[in-house]
Amino acid sequence: MGRIIVALAGIGLVLFMWNEAAGYPPTARQLPNLLGWVVLILAVLAIVQQALQWRRASADGTLTFDGPDWRAIGLGGGFLALVMVYAWSISVVGYLIATPVFLAVPLLVLRPIGLVPAVLSIAAVTAAVYGVFVWFLSLNIPLYPAF
Amino acid sequence: MESFFWVGLANVVDPINIAAIFAGALIGMFVGAMPGLSATMAIALLLPLTYSFRPETGLAMLASLYLAAMYGGSIAAILLRTPGTPAAAATVIDGHPMARKGQAGKALGLSLTASLIGGILSSIALLTVAPLLGKVVLNFGPVEIFAVAVLGITIIGTLSQGSTILGLFSGALGLLLATVGMDPTTGTPRFTFGVLDLFSGINFTVALIGLFSIPQAVRLIVEGNAKGEDRVSKIRDRMLPTGREFVQMLPNSIRSGVIGIVTGLIPGTGGDTASWFAYNEAKRFAKNKADFGTGTPAGVVAPEAANNAVVGGALIPTIALGIPGSSSTAVLLGGLMVHGILPGPTLMTDYGDVTYTLLWAVLFANVALFVVGIFFTRACVAVTKIPNRVVGPVIVVLSVIGAYAINNSMFDVGLMIAFGVLGLVFDTFRIPTPPLVIGLILGPILDMTLQQSLLIGKGNWMIFIENPISATLLAIALLSALQATPLFGGIGRLVKRSIGGGRPTTGGTE
Amino acid sequence: MKSTIIALALTAALGTTALTPAMAQDYPTNEVKVMQGFKAGGGSDALAQLVQPFLAEELGVNFVNEYIPGATGAIAWTRLAKQTKPDGGTISITNTPMLTTNYIMNPSITYTIDEITPIANIVTDPGIAVVAADSPFNTFEDFVNAAKENPGTVTVGNSGVGGDDYFTSLQFERESGVQLQKVPFQGDGPSWTAAMGGKIDASFTNVGVSFPQIKEGNLKALAVFSEERLPDLPDVPTAKELGYDLVAGSSRGYSGPAGFPDEARQELIAAMQRVVENPEFQKIAAERAMNIDFISGEDYAAMLKKQEGQYQEIWAEIKDEVQKQ
């Protein structure tokens, strides 16, 4: 099922890119248009292949759909959302606040290690990354809250 | 020339230069292991520090750093499934499964040994045949490089084992996404929507960090550590290969080393491409093809021997003609200029002493890499003792800051996460990611050289057939695409149809 | 500063010393950030590495490079023009012609030179036309005649659309009435390498990058696009003597954001002036094949303005033709 959604998304992307490319000079749109066809054909084939597989499976009576693993989706999705919030928060509250908070959330919620090691790891990681990127490489990343 | 050869050796064994080589190896290994930090960046940053050194000392340090970074990339690739450098992306495929099987130390030992073999091979090539091979570079113009890119694309077929259609789909999507950015001939910004950060295209390193690291971080969080499970790696596993294993890996390493040298030699292709070529060939020659992707030693040896061999290969045109073979060697050339040595044909004559010192330094750097590597790697393997749910968030912090560091750009952080989501979707539905990576690497080369070739050939596609080098390479590409068909043809008729669909990239020559 | 400490730490063992900047004088900030629109190790970086150590000593401030590559420098210059506080603490290396051609060619690039304060140009690398050593073209006339006889077939490499060599080709086409087949490359190196290997008929490139190959006889120089013949290449005629009004090259200098404090600007200009007159600096610049071309303050602004006008005119003329390709 997921593969079909990805294939359909691929087709959607190609149609969108073709539409965009229509206004480009011929040289500029040549390769995207050609590759668009390739992606389109392969996406259709992927859908057909999946459908054939299902038909064969249903003929054999082995067609089963695994129910989604809600726990994994919840955990993974939640973490992914946290990653996005983290990336965004760096430009708002700065690296020195965003990073320990981001590291603390999964450690507090999932409790893979005790409290003391958790605090130590958070401090160590924040400091080590700061040391390498900011101190050594003079990386110009926001460190403190912007307000 | 002969005298420079020995002068160079005498220079290198100077304790100061040896110390510089070791320092370079240590820094390089560290930089390579960090996603987002590249050898090019480190060389550029350390260049000012070497002003105060004698030219040969500074260059020896930088060359050693460059070489060590190639190995460093594999540490993160194997332990964290996050390639530390783009050149280590291919190492992930078999290296990380090895680590999951509890063989992290062995995988790293193989990588280190393969790096040593590849590096030494290319140093020997540098010291002996550099002036001869240097001229070969001039034979590679846009038409020939286009053919190399097409040949590279056929690797997608190999990597799509088990699900040819999905693999080809993934590869084609990578090529398509690679067309984002300014078109080389007309300067039209394609698919950029006015976002300046996309004008130069999707930054490949940023995409790569996202594709591999985010899904891995999420996976570590979701899986956690099963109750009572032993830690992923038994640290006690033997690191360095036994004598027998060494003999077994030798043919693979040498083949991959040669591939690395040649790929490094060709302008515009470097470690990121070479490692995939080597991986592909290792699989072609292997008896246990089905084991590739599940943690087979040959799958670690090939890319690692190749990406270290690239260093010497890329230095060949740099030394012989003053033409940088890669972005890192371009920065090294800058290092020469700092010392008043103009890169060019005089490197072998007027400045032969400095040049040969550099060449010997590359050879010695391999040894330094090996020695430093043994200790450094042991320390790194400790990572596998840390619980998964602690490692996951740390990978994210490194990836976010690393992505930012590449171009000093917040946009790149967003791009990295977007590719992370794409990688996660692909992983969830078991669509292979490596073909997408190949597409992103080769897409820009394909686009640029196709447009150049057609401008040179005044729009005539025959230019690719009339040119002997490109005609040969394209013929090999076609054969290799056809050869791949029956090997992975378990799915039957559909496969044949899909190959028909997958070929338009080479179809341009018909 | 921080990297200086590292430098010390690293070099201490090897018995060397690092530069220590003189005490701060009256420049408004202790640190000047220099934004570069290109990758570390490129041409802009070469300028930064050459000039800034001297400048740091003159002014007693630290210079910190920030690399913001992408869109041929436009990301860095947009940031300079739109998001930088004009307090003297941030300047940028400005490369011509990309500084102006960027927004002339792409409507989505919105900064203009009116939003920046030009400080001074430091170096100019004159343009040059080169061919392979075994090329049938021995003089610039041979090349022009071949292009005249078969319009659009003589292939000429350039360093990329929007770069100096691309616009040099366009200007030359306008001047001479011939039509070239322009082939873009990713930078100067690949362009002259292709000419050297006979993959293209000629390359319009720059003297600084191709000089070692010319000296060694791997490339033949047909003409330079400078005002006068170059001391290093006395036998190579200028395009001007051959009757083409064409002077072109790639220049690099420094600019600040609009509203840059005038005192700081004057101070920088004075310091740069002292640097380019320093014999030690001149010696190093010559070793690195950097052709000093010091144009400061309003003269630099006028130079940029003049270029802007020229490129606008050329682009207006050929825009439609390019879009048809």
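A salt bridge is a side-chain nitrogen of Lys or Arg within 4 Å of a carboxyl oxygen of Asp or Glu. Lys199(C) and Glu144(B) form such a pair through their side chains, with 2.7 Å from N to O.

The confidence of the prediction comes next. Chain B has a mean pLDDT of 85, with 91% of its residues at 70 or more. Chain C averages a pLDDT of 87, and 92% of its residues score at least 70. Its residues 1-24 have a pLDDT below 50, with 33 contacts in the model beyond near neighbours in sequence. Where pLDDT is low, the predicted coordinates should not be read in detail.

Now to the interface of chain B and chain C. It takes 47 residues from chain B and 51 residues from chain C. The two chains bury about 4,200 Å² between them, and 65% of this is on carbon and sulfur atoms. On the side of chain B, Leu138(B), Leu196(B) and Leu455(B) supply 13% of the area buried against chain C, more than any other three residues. Besides the salt bridge between Lys199(C) and Glu144(B), the rule for polar contacts finds eight residue pairs across this interface. Five helices of chain B each supply at least two residues to the side that touches chain C: H2 (15-33), H3 (39-46), H6 (142-153), H13 (327-338) and H17 (434-456). Of the elements of chain B, H17(B) gives the most to this side, with four residues. By class, the side of chain B that touches chain C has 28 nonpolar, 16 polar and three charged residues.

Chain B also meets chain A. Here 60 residues of chain A are in contact with 65 residues of chain B. The buried area is about 5,600 Å², of which carbon and sulfur atoms give 86%. The count of salt bridges between chain A and chain B is zero, and five residue pairs are in polar contact across the interface. Helices H1 (2-21), H2 (26-60), H3 (70-93), H4 (95-110) and H5 (115-136) of chain A are the elements that give two or more residues to the side touching chain B. The largest share of that side, 17 residues, comes from H2(A). By class, the side has 47 nonpolar, ten polar and three charged residues.

Within chain A, the domain assignment gives domain 1 (2-60) and domain 2 (70-136). The centres of these two domains, taken over C-alpha atoms, are separated by 38 Å.

Within chain B, the side chains of Arg100(B) and Glu223(B) meet in a salt bridge of 3.4 Å, N to O. Arg100(B) lies in helix H5 (residues 89-136) of chain B and Glu223(B) in helix H9 (residues 204-223) of chain B, so the pair ties together parts that are 123 residues apart in sequence.

Chain C is divided into domain 1 (28-124 + 249-314) and domain 2 (127-248). Their C-alpha centres lie 27 Å apart. The contact between them takes eleven residues from domain 1 of chain C and twelve residues from domain 2 of chain C. About 1,000 Å² is buried between the two domains, with 68% given by carbon and sulfur atoms. In domain 1 of chain C, Met105(C), Gly249(C) and Ile314(C) lose the most area to domain 2, together 49% of what that side buries. One salt bridge is found across this domain interface, and the side chains of Glu313(C) and Arg174(C) meet in a salt bridge of 3.6 Å, N to O. Two residue pairs are in polar contact across the domain interface. Helix H4 (98-105), strand S9 (249-257) and helix H11 (297-324) of chain C are the elements that give two or more residues to the side of domain 1 that touches domain 2. H11(C) gives the most to that side, with four residues.

Definitions and conventions: Residues are numbered from 1 along each chain as its sequence is written. Chains are lettered from A and ligands numbered from 1 in the order in which they are written. This is a predicted model: local features need pLDDT of at least 70, side-chain atom pairs count only at pLDDT 80 or more; totals for chains, interfaces and linings use all residues. Side-chain values use heavy atoms; hydrogens and water are left out. pLDDT is the predictor's confidence in each residue, from 0 to 100. Contact means heavy atoms within 4.5 Å. Buried area is the accessible area (1.4 Å probe) that two parts lose on being put together, summed over both. A polar contact is a pair of N or O atoms within 3.5 Å; within protein, one must be able to donate a hydrogen and the other to accept it, and residues adjacent in sequence count only if both atoms are side-chain atoms. Ala, Val, Leu, Ile, Met, Phe, Trp, Tyr, Cys and Pro count as nonpolar, Asp, Glu, Lys and Arg as charged, and the others, Gly among them, as polar. Domain bounds come from an automatic or database domain assignment.
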